[in-house]
Structures are given as C-alpha cells and as structure tokens.
Amino acid sequence: VFGERQQPTSVIPRFIKKILDGETLTVHVDANGIPVTRSFIYGADVADATLRVLTDGKIRQKYGFPGSLETRIDDLATRIGAICGKDAKIEYKYPSDVRPGVDARYSVGGTNMMDDLGWSPCNSVDEQLRTTVRWYIDHPEWFR
C-alpha cells in the first residue's frame, strides 16, 4: 500500500527522501541478479475495495486487493526520480546476509474482486504516484 502520510520507513517514502537528498538507493536482487518485483496499491483504492467487500462481499469469503502497479523496484525508483526531477542513484545488492532467499516477487491476486464484485483498482497509478511524491516534497517534516 502506498500514498500520502505513509511511514517514512516504507519503500516509496524512503526512496523519495534518498532521491531528494542525492543518496544512493539499495535495490535488492534475487540470486540471479534480477531486481525484485512488487505490487503496489494506492491507499484510496484499499479503502474503496474494503467498502465494496463490506457492502457486497460474501461472509467468510477471502478477497485479495490487486495492486494497480506491479513493477521492478529499480523501475519504481527511476519513476520516482523523474517525478522529483532528479536521477535515482541505484546500487544493486543480493541481501544474502539480511534476507536469505529473498522473494523475487510479491503480488496479490484479486480475480474474485473483479469477477464477483466488479471491482478493480484505479487506472491512474501515474497520477497517484505523482500525488504521493508531491505530498512528501511539500511535507519534509514527515521525514523527521
């Protein structure tokens, strides 16, 4: 989940801060050197999906909220850098000491959200990411 007011230790706010400060970002890679992939969903989409489940969902049914953005982490850093008007300095690292067996991909399926409830995340992920980055740029106190 990403969006405004997210904890500064989460990946998107952390990348924003490091890019603004000209610091190098560490991007984890798998054992083959391929950057990990993650799925992201905007906070307002989570709220919308939750409301849909509460109003239209079936009791005891599990629902996954699929993200509107599935991307390699280095591509995410590059996108954030472009929004900030700066290059993202990226260092690739296999986290064998920190996270043995790092997962190459995190993603959530949501076919029942789409098929059963007719819900899908907003298609304006670029605008959501721009809104998020701009919010952090306008609120540097959030990083303290």
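The following questions and answers concern a predicted model of one protein chain.

Q: What pattern do the helices and strands of the chain follow along the sequence?
A: The secondary structure of this chain comprises five helices and five strands. Read along the sequence, these elements give the pattern α-β-β-α-β-α-β-β-α-α.

Q: Among contacts between residues at least 6 apart in sequence, what percentage join residues at least 24 apart?
A: The chain has 144 residues, of which 34% are buried. Among contacts between residues at least 6 apart in sequence, the share that joins residues at least 24 apart is 81%.

Q: Are α1 and α3 roughly parallel, roughly perpendicular or oblique to each other?
A: The axes of helix α1 (residues 11-20) and helix α3 (residues 73-84) come within 10 Å and cross at roughly 55°. Angles under 35 degrees count as roughly parallel, and those from 65 to 115 count as roughly perpendicular. The crossing of α1 and α3 is right-handed. The orientation of α1 and α3 is therefore oblique.

Q: How many of the residues in the contact of α1 with α3 are nonpolar?
A: From α1, the residues Ile 12, Phe 15, Ile 16, Ile 19 and Leu 20 take part. They meet Ile 73, Leu 76, Ala 77, Ile 80, Gly 81 and Cys 84 of α3. The contact contains no charged residue and one polar residue, while the number of nonpolar residues is 10.

Q: Which residues touch the most other members of the largest nonpolar core?
A: This core has 22 residues. The elements that contribute two or more residues to the core are α1, β1 (24-28), α3 and α5 (125-138). The residues that touch the most other members are Ile 12, Leu 76 and Ile 80.

Q: Which residues is Ile 12 in contact with, leaving aside its neighbours within four places in sequence?
A: Ile 12 belongs to the part of α1 that meets α3. With those sequence neighbours left aside, Ile 12 is in contact with Phe 2, Phe 40, Leu 76, Ile 80, Leu 129 and Thr 132.

Q: Is Arg 5 buried or exposed?
A: Arg 5 lies in the segment before α1. Its phi is near 70°, a positive value in a residue other than glycine. A residue counts as exposed when its relative accessible area is over 50%. With a relative accessible area of 54%, Arg 5 is exposed.

Q: Where is Arg 60 placed in the chain?
A: Arg 60 is not a glycine, although its phi is positive at about 70°. Its relative accessibility is 79%, and Arg 60 therefore counts as exposed. The place of Arg 60 is the loop between α2 (43-56) and β3 (69-72).

Terms used:
Residues numbered from 1 in each chain as written. Predicted model: local features only at pLDDT ≥ 70, side-chain atom pairs only at ≥ 80, totals over all residues. Heavy atoms only, no water. Axes fitted to C-alpha atoms, helices over the stretch in contact; angles between N-to-C directions. Helix = DSSP H or I, 4+ residues; strand = E, 2+ residues; numbered from the N terminus. Parallel < 35°, antiparallel > 145°, perpendicular 65-115°, else oblique. Left-handed = near helix turned anticlockwise from the far one by under 90°. Contact = heavy atoms within 4.5 Å. Nonpolar A, V, L, I, M, F, W, Y, C, P; charged D, E, K, R; others polar. Core = buried A, V, L, I, M, F, W, Y, C linked by side-chain atoms within 4.5 Å. Buried < 20%, exposed > 50% of the residue type's maximum accessible area, 1.4 Å probe, protein only.
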